[in-house]
Amino acid sequence: MRCLVGNGQHRGRRKRQEDSFASSDPCDEAFVARAGFISVLADGMGGMARGREASSLAVEAILEAYAVKSEAETVPAALKRAFIRANEVVFELGREVGLPGAVGTTALAAVFFEKQLFWAWAGDSRLYLWRRGSLHRLTEDHNLATRLEGEGVSPEAIARNPEREALTSFFGFPAIPHLGLSEVPLPLEEDDRILLCSDGLYRSLDEPEIAALLADDPRRAGEILVDRVLAKKRPRQDNVTALVVAVEPCPAFSAGLFSTLAAGARRLLTS
Amino acid sequence: MAWVRCEKGHYYDDERHSLCPYCGVGDLAGQVSALQNEALPEGDEEKTVRLDDGTLRALGGTGEGETVAYVRARTGMDPVTGWLVCIDGPDRGRDFRLRSEKNSIGRLATNDVPLSDETVSRENHGFVVFDPRKVTFSVRAGEGRGLIYKNGDEVPFSEPLKAYDVIEVGQTRLLFVPLCGESFRWE
Ligand SMILES: [Zn+2]
């Protein structure tokens, strides 16, 4: 199985870019055989000091810790280990700057391994699966809105709660308050796509819009999603990051010409 | 399109960016030396093997099909003709490749010179034009309300460009560095 990867990012109307992201190298055969392919995204917390540093440290630490996965270790175990390690690194940063617990970041990782998808997260960055044109959310936001929903509070009351977007889990505490893990891996099908995104994306685009744009060439889709967010010209647009990975359907797709023509034609038709 | 992965794990099209646009510009010294390495002609020899991918630019709605066809008919590729280097603004330290005919400057990633400056128009704020027959460059005003300046003077329509002229759009200043001219041209 091969993957096509693309990503897009913009600062929005914020002073700094506090989102970070990275993907492993799908051409590194030894890594792929042992650990598959991993994409990571983190959204550093604005109201806090050193948000950018926290998110980029988290991304690096997750990749580094996951990369030492042995063949014997399962993917969920390796992801859990990587998240625990990365949280320690972010907590350490908070202590270094003299603000323990005041430096924070969300974190989200998705792994393709042996035709299955695994994922882990803390916070409100989201993972979506795009399959045959429809979008399925695979993560639940770790925020107050989700907690209130679980307690049976009405959507109207939640929408009125000014704290609804407050996170209930993220990196930066001595331990992760709530670590989300895929309970069972998801078997991947040809032409499945996944989207990792920060809240700056899904607060500006609705799911049908996201689904439509994900039909494009996966390598371009990240940039196209971010461009669409910017086109909305929201006055307080947050940092926005989109990372798209597609399971390559057939060798002809990688030959490039066919998919390039198809994507180009599609864009001409839709523009 | 030549899709590459930077050492930090970001993906980008190296036909449009010679450096990863997602890596921070914090390490300016490192970027400048990388930029100088990139500017060597070897980088472009590599490009000749990526021929087919260039078609995306022509088909991607940029309307530059003829441009690419013209240069490619002569050289077998759509080669770099010069650079804009950001010396002031959010992209300070970053360089942008120029190719034949119209190179658009704007905020969206679909422009040839995509800037992060929020005061720049989304698309076609202005153009740097390379005339492949005369082997000359010019800067041209765009389609929107945003103005474009050359060495401090507004460009009402089109002005010739010479090495190290400074183009100003929004809060961004771009230094023009030609590759093609009297001493060199793609044959
Ligand atoms: Zn990069």
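Mentor: Let us begin with B:V135, which is buried because its relative accessible area is 11%, and buried means under 20%, exposed over 50% and partly exposed in between, with a 1.4 Å probe and protein chains only. The model is predicted, so local features need pLDDT of at least 70 and side-chain atom pairs count only at pLDDT 80 or more, whereas totals for chains, interfaces and linings use all residues. Residues are numbered from 1 along each chain as its sequence is written, chains are lettered from A and ligands numbered from 1 in the order in which they are written, and side-chain values use heavy atoms, with hydrogens and water left out.

Trainee: Where is B:V135 found, and what is its phi?

Mentor: B:V135 is found in the loop between β7 (126-131) and β8 (136-141) of chain B. Its phi is positive, about 55°, although B:V135 is not a glycine. Most residues other than glycine have a negative phi. Strands here are DSSP runs of E with at least two residues, helices are runs of H or I with at least four, and both are numbered from the N terminus.

Trainee: Why is A:D191 called partly exposed?

Mentor: The relative accessibility of A:D191 is 25%, and A:D191 therefore counts as partly exposed. A:D191 lies in the loop between β9 (186-187) and β10 (193-197) of chain A. A:D191 also has a positive phi, near 70°, in a residue other than glycine.

Trainee: What makes the arrangement around the zinc ion tetrahedral?

Mentor: The protein donors are B:C6 (SG), B:H10 (ND1), B:C20 (SG) and B:C23 (SG), lying 2.1 to 2.3 Å from the zinc ion. Donors are N, O and S atoms within 2.8 Å of the metal (3.2 Å for Na, K and Ca), and water is not among the atoms, so sites may look incomplete. The 4 donor atoms subtend angles of 103 to 119°, and four donors count as tetrahedral if all angles lie between 85 and 135 degrees. The arrangement is therefore tetrahedral.

Trainee: How are these donors spaced along the chain?

Mentor: The spacing is C-x3-H-x9-C-x2-C. Within this set, B:H10 and B:C20 link distant parts of the chain, 10 residues apart. B:H10 is in the loop between β1 (3-5) and β2 (11-13) of chain B, and B:C20 is in the loop between β2 and α1 (28-38).

Trainee: How do you know whether B:C20 and B:C23 are buried or exposed?

Mentor: B:C20 has 7% relative accessibility and so counts as buried. B:C23 has a relative accessible area of 16% and is therefore buried. B:H10 is buried as well.

Trainee: Which residues touch the most other members of the largest nonpolar core?

Mentor: That core has 33 residues, and those with the most touching members are A:I38, A:I62, A:Y66, A:L79, A:F83, A:V111 and A:F171. A nonpolar core is a set of buried Ala, Val, Leu, Ile, Met, Phe, Trp, Tyr and Cys residues joined through side-chain atoms within 4.5 Å. The largest share, 9 residues, comes from α3(A). A second, separate core of 28 residues includes A:L138, A:L188, A:L243 and B:Y22.

Trainee: Why is A:Y66 called buried?

Mentor: The relative accessible area of A:Y66 is 0%, and A:Y66 is therefore buried. A:Y66 is in helix α2 of chain A. Leaving aside neighbours within four places in sequence, its contacts (heavy atoms within 4.5 Å) include A:I38, A:L79 and A:V111.

Trainee: What makes A:V89 buried?

Mentor: A:V89 has 17% relative accessibility and so counts as buried. A:V89 has its place in helix α3 of chain A. Beyond neighbours within four places in sequence, A:V89 is in contact with A:L57 and A:A61.

Trainee: What share of each chain is buried?

Mentor: Buried residues make up 56% of the 271 residues in chain A, and 49% of the 187 residues of chain B.

Key
Four donors count as tetrahedral if all angles lie between 85 and 135 degrees; four count as square planar and six as octahedral if opposite donors are over 155 degrees apart and all others between 65 and 115; anything else is irregular.
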